[in-house]
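Here is a friendly walk through one protein model, from its overall make-up to a few single residues. Please have the sequence and the structure open as you read.

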Amino acid sequence: MATTRATAVKRKADEALDKEAKKFKSTYSKALKIVVYQAFQRQTFAVHEDLLYHYAPNLKHFSYHSSVPAAADIKIEKHLPTTFRNYLEWLYSSDEDRSRCIRTLLQPTIDGAGEKETRDQLACVKLIRLWLLTNMLGDKACKNAVIDVLISRACAGELCLCASSMVFIFEETDETSELRRWAVDEYTASTTVAELDDGKDMMPEGFEGSALRRLIEKTRKGERVGKPRLEDACLYHDHGRYEARCS
Ligand SMILES: [Zn+2]
């Protein structure tokens, strides 16, 4: 009798597990082949369609692109395969692990294991690349998390935003970009006027104009002038038109 009951309980548990597994399978129904390349770096990834389209809605428009190679469903140009891999780590992390997952991008890599300044610059570039990729994909949550990490590391003195990174940001973004706004604020607040003047030849075209416009904008809106703090992070977030801002 006891054995029969135990068997029934086990069967019920198995059925429940099976149901869960089916739910999981149906949630992640199909894997898309995505080819990511920049210059000579090229890699193909398999990513679950439902998950990707949910978090990266802009990709839906990519799949019907006529020049997609037959071997792939989607192609992503001008982004590094390593950046896309960083994004997949975020995409497949649970909510609790996600911020940690971006923070690990700042861990020293083999090629950046030397000077602290070099490591801090590399970390900054990795985060900038991830922001640019997620901006293109339309993943606002990841973009905003990258901004939070940029700000918190910059405040801790563990991030180095150099002139070449500024040039890169100015090449890849426009005046409305949250990343550019953060970079201009961070750079101008962390640099003395004399340093700004000395380094102006290395700065991107339009930097001075942007810095001046930001100063006027901040004064007009009553924003604090100075180094961006984590409390101000929402100034550099993208919440779209309808999403609530962070409190
Ligand atoms: Zn926010």
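Residues 24 or more positions apart account for 62% of the contacts in the protein with a separation of 6 or more; two residues are in contact if their C-beta atoms, placed from the backbone, lie within 7 Å. The model is a predicted one, in which local features need pLDDT of at least 70, side-chain atom pairs count only at pLDDT 80 or more, and totals for chains, interfaces and linings use all residues. Residue numbers start from 1 along each chain as its sequence is written.

**Overall picture**

On the pLDDT scale, which gives the predictor's confidence in each residue from 0 to 100, the protein has a mean of 83, and 81% of its residues reach 70 or more. Confidence is lowest in helix H1 (residues 2-27), at a mean of 57, and highest in H7, at 94.

The secondary structure comes to 10 helices and three strands. These elements are DSSP runs numbered from the N terminus, with helices (H or I) of at least four residues and strands (E) of at least two. Along the sequence they follow the pattern α-β-β-α-β-α-α-α-α-α-α-α-α. Of the 247 residues, 26% count as buried. A residue is buried if 20 or more other C-beta atoms lie within 10 Å of its own, exposed if 12 or fewer, and partly exposed in between, with C-beta atoms placed from the backbone.

Angles here run from 0 to 180 degrees between N-to-C directions, and axes are lines fitted to C-alpha atoms, for helices over the stretch in contact.

Strand S1 (residues 31-38) pairs with strand S2 (residues 41-48) in the antiparallel sense over eight bridges. With strand S3 (residues 74-77), S1 pairs in the parallel sense over four bridges. Two strands count as paired if DSSP finds at least two bridges between them. Ile34 is a handy landmark: its bridge partner in S2 is Phe45, and its bridge partner in S3 is Ile74. Further along, Tyr37 stands opposite Glu77 in S3.

The hairpin of S1 and S2 has two residues between the strands. Ala39 is found in this loop and has a positive phi of about 50° although it is not a glycine. Is Ala39 buried or exposed? Ala39 is exposed, with 7 other C-beta atoms within 10 Å.

Lys78 lies in the loop between S3 and helix H3 (81-91). Its phi is also positive, at about 60°, although Lys78 is not a glycine. With 12 C-beta neighbours inside 10 Å, Lys78 counts as exposed.

**Helix packing**

Two packed helices are described by the angle between their axes and the distance between the axes. Two pairs are set out below.

| Helix pair | Axis distance | Axis angle |
|---|---|---|
| H5 (residues 116-137) and H7 (residues 163-172) | within 11 Å | roughly 5° |
| H8 (residues 178-190) and H10 (residues 207-221) | 10 Å | about 90° |

H8 is therefore roughly perpendicular to H10. In this scheme, angles under 35 degrees are roughly parallel, over 145 roughly antiparallel, 65 to 115 roughly perpendicular, and the rest oblique. Arg181, Val184, Asp185 and Thr188 of H8 make the contact with Ser210, Ala211 and Arg214 of H10. By class, these residues divide into two nonpolar, two polar and three charged. Ala, Val, Leu, Ile, Met, Phe, Trp, Tyr, Cys and Pro count as nonpolar, Asp, Glu, Lys and Arg as charged, and the others, Gly among them, as polar.

H5 and H7, by their angle, are roughly parallel to each other. Here Cys124, Val125, Ile128 and Leu132 in H5 meet Ser165, Phe168, Ile169 and Glu172 in H7. The contact of H5 with H7 has six nonpolar, one polar and one charged residues.

**A buried threonine**

Which residues does Thr83 touch, not counting residues up to four places away in sequence? Thr83, found in helix H3, touches Arg129, Leu130 and Leu133. The C-alpha atoms of Thr83 and Arg129 are separated by 6.6 Å, although these residues are 46 apart along the chain. With 23 C-beta neighbours inside 10 Å, Thr83 counts as buried.
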